[in-house]
Amino acid sequence: MAGRPTITREEALSFHIEPRPGKFDITPSVPMTTQRDLSLAYSPGVAVPCEAIHENPETAYDYTNKGNLVAVISNGSAVLGLGNLGALASKPVMEGKSVLFKRFADVNSIDIELDTEDPDEIIQAVRLMGPTFGGINLEDIKAPECFIIEQKLKEEMDIPVFHDDQHGTAVICAAGLINALHLSGKKIAECRIVLNGAGAAGIACIELLKAMGAKHDNCIVCDTKGVIYQGRTEGMNQWKSAHAAATDLRTLEEAMDGADVFLGVSVKGAVTQEMVKSMAKDAVIFAMANPDPEITPEEVHDVREDVIVATGRSDYPNQVNNVLGFPYLFRGALDIHARAINDEMKIACAEALAKLAREDVPDEVAMAYGKKLTFGRDYIIPTPFDPRLIYTIPPAVAKAGADSGVARRPIIDMHGYEATLKARMDPTATILRSLTTRARAAQATMIFAEGDDPHVLRAAVAYQRNGFGKAIVVGREDDVKEKLEGVGLADAVAELEVVNAANTQHLPAYTAFLYERLQRNGFDRRDIHRLAARDRHVFASLMLAHGHGDALVTGATRKSAHVLDLISHVFDVGPRDGAVGVTALLHKGRIVLVADTLVHEWPDTEDLANIAEGAANVARDLGLEPRVAFVSFSTFGYPVSERAEKMHEAPAILEARGVDFEFDGEMTADVALNADVLAHYPFCKLSGPANILVVPARHSASISVKMMQELAGATVIGPILTGVAKPIQICSTTSTANDILNMAVLAACKAG
C-alpha cells in the first residue's frame with residue numbers, strides 16, 4: 001500500500017499563490033474585442049434578452065449562464081476536520097470545491113462565504129441569490145444548523161439545494177453498500193445496520209439507506225453517548241429522534257454484535273477488533289472518519305478475512321469519495337433544469353455508480369492507477385478518475401429527475417445527451433494522472449542538474465516527497481542548504497543527496513570517458529577536465545551515462561539550445577542521431593504535439609519523416625493514438641511554393657516505411673485541427689483532427705508554441721526529448737517548480 005504524498009506547508013501556500021492568488025479565473029465565453037461585441041454584450045443589445053426573460057422567466061436558462069452555474073456556499077462553521085474557522089478562512093476550501101465542479105463535470109461554480117452563524121441570515125442571503133444560479137451546494141456548515149438551513153431553502157427555492165457533507169457522503173456510501181451486499185449475497189431489507197456518528201453525514205446516510213429499503217427496526221444509530229433509543233433525552237434533537245430505535249441496546253459494542261453493516265462517520269479508533277469479531281458473517285465495514293478511519297483495513301483483516309472494508313482514504317481500496325457524486329448529480333440536475341435534487345435522483349446516482357464498478361474497467365483507468373481493477377472486495381466503488389463517470393452518472397440522474405417530476409425540461413434524446421457529455425471530457429487530466437502513476441511505479445533516481453536554482457530545488461524536494469523516487473541535485477552543499485532555507489524548505493536539507501565534482505570519486509572515470517569521446521573534436525585534457533568538473537550540465541550528463549542516476553532534468557537556468565549542445569558532449573542528440581524535440585500543448589481539453597521544437601533547425605524531407613515517427617512515439621507514451629499532419633501555409637498542393645514542397649513530399653516517405661499511424665499533408669493548421677474544415681477534404685487520410693503537427697522548421701515551431709502559450713493561455717509541457725539513449729528532459733528558463741516536476745515525471749516514465 002502506497003502512502004499519501006507528503007505535502008509541506010510551503011508547497012501548499014505556493015500552490016495557492018502561483019501563478020496568481022487563488023485557484024480559478026473567470027473568462028468570457030463570447031467575443032469581447034470590438035465595439036459591436038460590447039454593444040451586444042451590454043447596452044443596447046442586452047436589453048433584448050432582458051425583455052425576453054421578463055416575459056418568460058424560463059428563458060433565463062437559454063440566454064444566461066444560470067443553467068450551468070452552481071454556488072458553493074459556506075459560513076466556515078465546520079471546515080473539513082479543522083472546526084469553526086469562520087467564513088474567510090473557509091474560502092480556499094470553497095474555491096477548491098468550485099474547481100472540482102469544473103474539473104469533473106464541466107460545471108461552472110462560484111464560491112460564496114457568508115459571515116454569519118445565524119441560520120435565518122444564511123437562509124435569507126441564499127434565497128435572495130436564487131435568480132443567479134442553477135443550483136446551490138451548501139458546504140462545511142455545522143450541525144444542526146445545516147439541517148435547518150437546507151430544509152428551509154428547499155422549501156423556498158425552485159432550484160436544487162444540496163448539502164454535500166450530508167448527501168454526497170450518503171450517495172457514495174449507498175453505492176458501495178449496494179455492491180458490498182451484492183458480493184455477500186445479502187438484501188438491504190434484511191440487514192442489521194449500525195451507524196456511529198449522528199451528525200450531518202451520518203443522518204443523511206441512514207435516511208438514504210432507509211429510502212432504499214433498509215428497515216427502521218434494523219437500524220441502530222449511535223453517537224458519543226451511545227445508542228439512540230426511544231425514550232432517550234440526553235443529547236437529542238429532532239433529527240436524531242427520527243431514528244431512535246425500540247431497543248435495549250445501549251452501547252456501540254452491544255450494537256455491533258451480530259450486525260451485518262457498520263457505517264462510521266465518527267472518530268479514529270471508535271471500532272475495536274473485538275467488535276469486528278462479533279459481527280455477522282460476510283460483514284461490511286465502512287469506516288469513513290477522516291483523516292483516520294474508525295478502524296483500519298489492516299486491523300479488520302487481522303481478525304476477519306470475510307469482511308469488506310471501505311474508508312474515506314485514497315491510500316486504501318474502496319474510497320468513499322464525494323467527488324464521485326456531487327459533480328455528476330449537479331450535472332444531471334442542471335441539464336434538466338431541475339427544481340430540486342430528490343431521493344430518486346440520489347438513489348439513481350448510487351445505483352449507476354454501483355453498476356459502473358461491476359463493469360469491465362477501461363485500460364486507461366488501469367494505466368492511471370498502475371494496476372488492473374476488477375469488481376470484487378477491494379473494488380466496489382469506481383475510481384474518481386474513471387472517464388466513464390461523466391457520461392454514465394448524469395443521464396441516470398436526469399432520467400430519475402424527469403420520472404419524479406422535478407425536471408423543467410426533460411431530456412428526450414438520451415443517446416444524444418451522452419454524446420454531449422463525452423464532449424465535455426478533459427483527456428489531459430487522465431493522461432497526466434497516468435504519467436504520475438507510471439513515474440511513481442518506476443521509482444527512478446532523478447538527477448537535477450541545476451542545484452543552485454530555487455525552482456529546481458523545490459521540484460527535487462517535491463519529486464522525492466511525492467514518492468516518485470530518489471532526487472539527486474548537482475551543486476554545492478552550502479549553496480543548496482542556503483537556497484532551501486530561503487524558500488522555507490530547511491527541513492529538506494537532510495533529505496536530498498547533493499553531488500558535485502569535489503565530493504565524487506567518479507570524476508576520473510568521467511573525464512576519461514569524455515576525453516575518449518571528444519579528443520578528435522579539438523578538446524585537450526584540460527578542456528575536458530574543465531567541462532567535466534565545472535559545467536553542471538556536462539557533469540550531470542556524465543552521471544547519467546555512467547548509471548549514477550536513471551534520468552536527468554536540466555535547462556531551467558540556460559537556453560535549451562545551449563543546454564542541448566552541452567549534453568551533446570556526452571550523448572548523441574544531433575539531428576542525424578534520431579533525437580527529436582516534441583512540445584505538448586494542453587488547451588481546453590485538447591492535447592496537440594508540435595515537433596520539432598528543439599533539435600532540427602531546418603529539417604529536410606527525410607528528417608520530417610523521422611520527426612513524425614519520434615512524435616508518434618511520444619504520443620503513444622502519453623496514451624494518444626497518433627494522427628500526424630505535416631503543416632504548412634498551403635493545403636494539398638495549393639498554393640504552389642518551393643517552401644511547401646518538402647511538407648508535400650514527406651508523407652510519401654512515411655508511406656514507403658509502412659508506419660502504423662495516421663498521417664497526411666501538407667495542410668494548413670486550421671485544416672489539421674478543425675473537424676469542420678477537414679471535412680472539406682474527404683480524401684484526407686486523417687480520421688479526425690490531428691494531434692501531432694510536424695512543422696517546417698524549429699523557428700516556426702517556437703513561434704507557434706509561444707503564441708499559443710501567450711495568446712490562448714495553453715499549458716506547455718516540453719520540449720520532450722525523445723530518441724536519446726537515456727531519459728533526458730530539458731526545461732525552459734521560464735519554468736516554475738511545478739513545470740520542472742512535470743518534466744521529471746516524464747523522464748521517470750521513460751526510465752521505467
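Mentor: A crossing is called right-handed if the near helix is turned clockwise from the far one by less than a right angle, and left-handed if anticlockwise. Helices here are DSSP runs of H or I with at least four residues, numbered from the N terminus. The model is predicted, so local features need pLDDT of at least 70 and side-chain atom pairs count only at pLDDT 80 or more, while totals for chains, interfaces and linings use all residues. Residues are numbered from 1 along each chain as its sequence is written, and side-chain values use heavy atoms, without hydrogens and water.

The pair is H5 (residues 91-105) and H14 (residues 326-335), whose axes lie 9 Å apart at an angle of about 70°; axes are lines fitted to C-alpha atoms over the stretch in contact, and angles run from 0 to 180 degrees between N-to-C directions. H5 is therefore roughly perpendicular to H14 (65 to 115 degrees). The crossing of H5 past H14 is right-handed. Contact, meaning heavy atoms within 4.5 Å, involves Lys97, Leu100, Phe101, Phe104 and Ala105 of H5 with Phe326, Pro327, Tyr328, Phe330 and Arg331 of H14.

Lys97, located in H5, is listed by UniProt under "active site" in an unreviewed entry; such annotations may be inferred rather than shown by experiment. Lys97 has 5% relative accessibility and so counts as buried (under 20% relative accessible area, 1.4 Å probe, protein chains only). Beyond neighbours within four places in sequence, Lys97 is in contact with Val72, Asn137, Glu139, Asp164 and Phe326.

Notes
Helices (H or I, at least four residues) and strands (E, at least two) are DSSP runs, numbered from the N terminus. Angles under 35 degrees count as roughly parallel, over 145 as roughly antiparallel, 65 to 115 as roughly perpendicular and the rest as oblique. Buried means under 20% relative accessible area, exposed over 50%, partly exposed in between (1.4 Å probe, protein chains only).
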